[in-house]
Amino acid sequence: MANFKGNHSGSGKPRTSESKLLSSHELFHHSFDCAEMAMSIVNLDGKLHMVNSSLCQLFGYAKEALIGVNVQTLFDMDDVEVDAQYWEQIFLQERQSFQVEKRFIHQDGSVIWGSLSVSLVHDDEATPICLMIQIQDISERKRYERKLEMSKCCYESLVTYNPDMIFMLDELGNLVEANPAVEAISGYSERELKGKSIHFLIVPAYLPQLKELFEQAKLGVTGSSEAQILHKHGHTMMIEINFVPRMDQEHVSGIYLIAKDVTKRNQNEAMIDELHNKNQLILNAVSDGIFGIDEHLGTIFWNQAAERLTGYTYEDMLGKNPYHILTQSSGGEALYRTIREGVYDCDANEIFYKKNGDSFPVEYMTSPIYDDNQIIGVVLTFKNIAERQHTEEMLRRSEKLSVVGQIAAGVAHEIRNPLTSLKGFTQFLQQGAANKKEYYEIMMAELNRIELIITEMLVLAKPQLVRYQHKSLESIIQSVITLLETQAIMSNIQFDVVMEHQLPLIHCEENQLKQSFINLIKNAMEAMPDGGQIDIHLFLADEKAIRVILKDRGIGITEEVLARLGEPFYTTKEKGTGLGIMTSSKIIEDHHGQFVVKSKVGEGTVVSVTLPIT
């Protein structure tokens, strides 16, 4: 701002006398002080000579505090350059007054927007004697203008940078304005479209519906629809159009047409529908039952095989826990473990109940459903294994008969020995031999031995109802050794048996486990045609399992044969069926056990069977 100067008048009269002349007018003083406009008289040196009450109230000062203060004290220093030129022209008398909007500083430091009017006051001889300053508070107007400007900027930004096409139409449907997205999407510039009806953009089949929506918008009602438009280059595009009335004091002054290109979205939706249909066809084509459960254990899908196997429809299971309904229980550890931990689990010994109450055995597997690394549900796949169980049972029976035939010679020899003793003692008794009591005891012992062997043979050969019970693995192994001991002696084979006693019980089907261990021990015996020793070791593997180790010192198994071990009908024996190892392995698997075979040619084979503790 230009410097204020304390010049004297051209007549040489001192300024003080002129101020006294002004001050003498009481009317002026009264009018000046009572004016609503903030006013002050400023000496030509820039100091406040008089201030009215409105100015003191505006800036928060007492009159005494302002008199003699340089007027620049009230200015915001950031706005000094705004009116510096005007002040310079005032002092050079090139300008008699000026008006400018600028910022002022309140006593508390806050900013006040004001309209500053400055006028040069002359005496009767046209000599400048002082300045009359008036300040009108325009802070409220400035705040409103600022909000209006911000609103305008937001509107312009929203329209300019909006990815959707925005048309501003008049009441006839002609284009008034268009944002840049219109050209980016349709190919037409605003200049090409301005003043024209947008009807030529619309595929004719969609015009009636859009015209109806346009008329509703003129009545103040918003509406939306999908339609096709013609691109400038000739191809069609599917868009979603929204008609929004532009309100001006409760009257519609125009229509906003906001259009989004949904061609790709519709293509994606069609693709998703197609994938869904294909997935549904695949699910329905699978012979296994498949259903999905969300994190709240409610059914989310149910394929046709599940409906065919159980009799329940998707509607029957919707929102319900299908596992509880099918098993008629509140179990399902595999299911809950999959939901909690995301593990894949399976169960080969479950019973499902149909809608009509019939039951059937199933084997099922659970798999987690992930979304952004979060488990949101489980897929359960199950199959009816009744026919498979029947086939496996037939194979087991066939293998049993084969085993019975193979050990028949040993059993016959085992029975012949006590029969020879019985025959001899009977002859002694007929001849009147003494010590009859001792003979009777020996004869009863031999008869008990025959009964035990025959019982084991009958249990092994006779079809049994599969019934899992808590049994001692020691007793099972001991029964198997009793059956095979005579045959081992005849083959010059010794059993070295080491068992830990009082081992925990296992949950098993006793007859099946006997059959499995007979197969494994017989294989070990056949691997040593010249005789030898078989180690049988039974011990506690850990707190959850018992382990049986069978070790022979036979010819061993090559890697090629070992890789195919357990395949049905694959055997290296001249009269073998190839079902022994397969059946034994399946029995152990059904008992949730582990079956491992390790072998080295020329050194022998080690078979490890691990079974879970009850």
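This report walks through a few local features of a predicted model.

Let's start with Ser139, which belongs to helix H6 (residues 139-161). Ser139 has a relative accessible area of 11%, and because the limit for buried is under 20%, this residue counts as buried. Its side chain comes to 3.0 Å from the backbone nitrogen of Trp113. If you set aside neighbours within four places in sequence, Ser139 touches Ile112 and Trp113.

Next comes helix H14 (residues 333-341), where Ala334, Leu335 and Thr338 are buried. Viewed down the axis of H14, the buried residues fall within an arc of 105°, so they line one face of the helix. An α-helix has 3.6 residues a turn, so residues three or four places apart point the same way. On the other side of H14 you will find Glu333 and Arg340, both exposed.

What do the buried residues of H14 pack against? Their partners are helix H13 (322-327) and the strands E11 (289-294), E13 (345-353), E14 (359-371) and E15 (374-384). Just after H14, Gly342 has a positive phi of about 75°.

## Positive phi in two loop residues

Asn373 sits in the loop between E14 and E15. Its phi is near 65°, a positive value in a residue other than glycine. With 72% relative accessibility, Asn373 is exposed.

His592 lies in the loop between helix H20 (580-590) and strand E21 (594-600). Although His592 is not a glycine, its phi is positive, at about 60°. Is His592 buried or exposed? Its relative accessibility is 52%, and since exposed means over 50%, His592 counts as exposed.

Notes. Residues are numbered from 1 along each chain as its sequence is written. This is a predicted model: local features need pLDDT of at least 70, side-chain atom pairs count only at pLDDT 80 or more; totals for chains, interfaces and linings use all residues. Side-chain values use heavy atoms; hydrogens and water are left out. Helices (H or I, at least four residues) and strands (E, at least two) are DSSP runs, numbered from the N terminus. Buried means under 20% relative accessible area, exposed over 50%, partly exposed in between (1.4 Å probe, protein chains only). A polar contact is a pair of N or O atoms within 3.5 Å; within protein, one must be able to donate a hydrogen and the other to accept it, and residues adjacent in sequence count only if both atoms are side-chain atoms. Contact means heavy atoms within 4.5 Å. The arc is that of the directions from the helix axis to the C-beta atoms.
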